[in-house]
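Welcome, and please open the structure in your viewer. We will go from one selection to the next, with a short note on what to see at each stop.

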Amino acid sequence: MAVLAFTANRVLKRVAAKDWVLGAGISFVAASAVTVVIALAADGTPSIGVFLPIFAWAVLSHAAMFPTATSLALNPMGALAGTAAAAMGATISYLGAFLGSLIDRSIDGTVTPMAIGFLAYSTMALACQLAGRRALDKS
C-alpha cells in the first residue's frame with residue numbers, strides 16, 4: 001500500500017484526480033467481479049494462491065480510490081471541510097457497520113458472501129461516483 005501511495009502521488013501530477021478515481025473505481029468493480037467468479041467456480045473455497053492476489057487487487061483498488069475521492073468530495077466545502085470530514089467519517093462508520101452486518105449474516109464458511117458483498121458495494125460506489133460526475137459536469 002505504501003508503494004501505491006507514492007505511485008498515486010506521482011500519477012496525480014499527470015492525471016486529473018477525477019479520472020484517477022474513476023479508473024480505480026472501475027478497477028475495484030472488475031477485481032470484485034473476478035473474485036466472485038473465482039469464489040463461485042471453487043464452490044466458495046478457492047485456493048489461497050488464486051484468491052489472495054485477486055482479492056489484494058480489489059483492496060488496492062479501494063485504497064487507490066478512497067483518499068482521492070474523499071479529497072474531491074471535500075474540496076467544495078472550503079472552510080467547512082473539517083466539519084464535513086467529521087460528518088463523512090461518522091456516516092461511513094455507521095453505514096459500513098450496517099452494510100457489513102448484512103454480509104456477516106450470510107457468512108457460511110466460504111469466501112462467496114464476502115466476494116458478493118465486495119462486488120455489490122463496489123458497484124454501488126461506482127454508480128454514486130458516476131452520478132456525482134454527471135452532476136458536476138452539468139453545473
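Start by selecting α2 (17-41), α3 (48-74), α4 (81-104) and α5 (112-138): each of these helices supplies at least two residues of the lining of the largest pocket. Keep in mind as you look around that this is a predicted model. The largest share of the lining, 12 residues, comes from α5.

Now turn to the space itself. The largest pocket holds about 1,300 Å³. What is the lining made of, by class? Colour it that way and you will find 20 nonpolar, 10 polar and 3 charged residues.

Next, hide everything except α2 and α5. Two packed helices are described by the angle between their axes and the distance between the axes. Here the axes come within 8 Å and cross at roughly 155°. Angles over 145 degrees count as roughly antiparallel, so α2 and α5 are roughly antiparallel to each other. The crossing of this pair is left-handed. Show the side chains where α2 meets α5, and the contact has 15 nonpolar, 7 polar and 4 charged residues.

Stay with these two helices and select D19 and R133. Which kind of contact joins D19 and R133? They form a salt bridge, with the closest N and O atoms 3.5 Å apart. D19 sits in helix α2 and R133 in helix α5, so the pair ties together parts that are 114 residues apart in sequence.

α2 and α3 pack at an angle of about 155°, and their axes are 8 Å apart. These two helices are therefore roughly antiparallel to each other. α2 passes α3 in a left-handed crossing. Colour this contact by class as well: it has 19 nonpolar, 7 polar and 1 charged residues.

To finish, bring the whole chain back and zoom out. How many helices and strands does the chain have? The count is 5 helices and 0 strands, and from the N terminus on the elements run α-α-α-α-α. For a sense of scale, the C-alpha trace spans about 50 × 35 × 30 Å along its principal axes.

Conventions: Residues numbered from 1 in each chain as written. Predicted model: local features only at pLDDT ≥ 70, side-chain atom pairs only at ≥ 80, totals over all residues. Heavy atoms only, no water. 1 Å grid on protein atoms, 1.4 Å probe; cavity = no way out; pocket = protein on both sides within 12 Å on 5 of 7 lines; lining within 4 Å. Points joined across faces, edges and corners; volume = space filled by probe spheres on them. Helix = DSSP H or I, 4+ residues; strand = E, 2+ residues; numbered from the N terminus. Nonpolar A, V, L, I, M, F, W, Y, C, P; charged D, E, K, R; others polar. Axes fitted to C-alpha atoms, helices over the stretch in contact; angles between N-to-C directions. Parallel < 35°, antiparallel > 145°, perpendicular 65-115°, else oblique. Left-handed = near helix turned anticlockwise from the far one by under 90°. Salt bridge = Lys/Arg side-chain N within 4 Å of Asp/Glu carboxyl O.
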